[in-house]
Amino acid sequence: SVEAYNTALAIKPDYAEARYNMGNALKDLGKLEEAIKAYAKALSIQPDNAEAYNNMGNALREQDKLEEAIEAYNKVLAMKPHYAETYCNMGVVLQKQGKLEEAIQAYIKALAIKPDYAEAYYNMGNVLKEQDKLEEAIQAYDKALAIKPDYAEAYFDLAESLYIKGDPSGVMKHLQHV
């Protein structure tokens, strides 16, 4: 809890891990500004903490501070170029910015590192659907569901894509192949 981290930090103010975990707790509580400050303090003590930059980027993304989120993600990737989750997070921000091709490239990088990354396939499906590339979106959702059969959001967006494509009865047919 936040109180426990405050106690630890009162005893040892330069305890980077406690500041990082405090940021996570604050982020979970929706206190994004405070979380970002906690991550920044953790990074001032331990500047090579890639996870702190990644989570700071996520908090910035939730505040729609998209350029700042990209900066945080780029710092992660400079330290850990094989961090699939950061490529996936970057893709979400790029999509929000309307940079759809760049978002797809970020998901492709995530999947090259982690081929069983259902969320990356799902997010790629969302970008492809936004581009009206429905057949490719359906394939991406199918891949997400093959990896994670209980992925409710992927089922929903697969069904929506099939409906838009004019094949509402195709949902059951598709799900038999997953």
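Predicted model: local features only at pLDDT ≥ 70, side-chain atom pairs only at ≥ 80, totals over all residues.
Residues are numbered from 1 along each chain as its sequence is written, and side-chain values use heavy atoms, without hydrogens and water.

**Exercise 1.** Determine how helix α3 is oriented relative to α4.

*Solution.* Helices are DSSP runs (H or I, at least four residues), numbered from the N terminus. Helix α3 covers residues 32-45, and its axis comes within 9 Å of that of α4, crossing at roughly 155°. Axes are lines fitted to C-alpha atoms over the stretch in contact, and angles run from 0 to 180 degrees between N-to-C directions. Angles over 145 degrees count as roughly antiparallel, and angles under 35 as roughly parallel. Therefore α3 is roughly antiparallel to α4. Contact means heavy atoms within 4.5 Å. On the α3 side, the contact includes Leu32, Ile36 and Tyr39; on the α4 side, it includes Ala52, Tyr53 and Met56. By class, this contact has 10 nonpolar, 1 polar and 1 charged residues. Ala, Val, Leu, Ile, Met, Phe, Trp, Tyr, Cys and Pro count as nonpolar, Asp, Glu, Lys and Arg as charged, and the others, Gly among them, as polar.

**Exercise 2.** Determine how α4 and α6 are oriented to each other.

*Solution.* Helix α4 (residues 50-62) and helix α6 (residues 84-96) pack at about 20°, with axes 11 Å apart. They are therefore roughly parallel. Asn54, Asn58 and Arg61 of α4 meet Thr86, Asn89, Val92, Val93 and Lys96 of α6. This contact has 2 nonpolar, 4 polar and 2 charged residues.

Technical notes. Helix = DSSP H or I, 4+ residues; strand = E, 2+ residues; numbered from the N terminus. Parallel < 35°, antiparallel > 145°, perpendicular 65-115°, else oblique.
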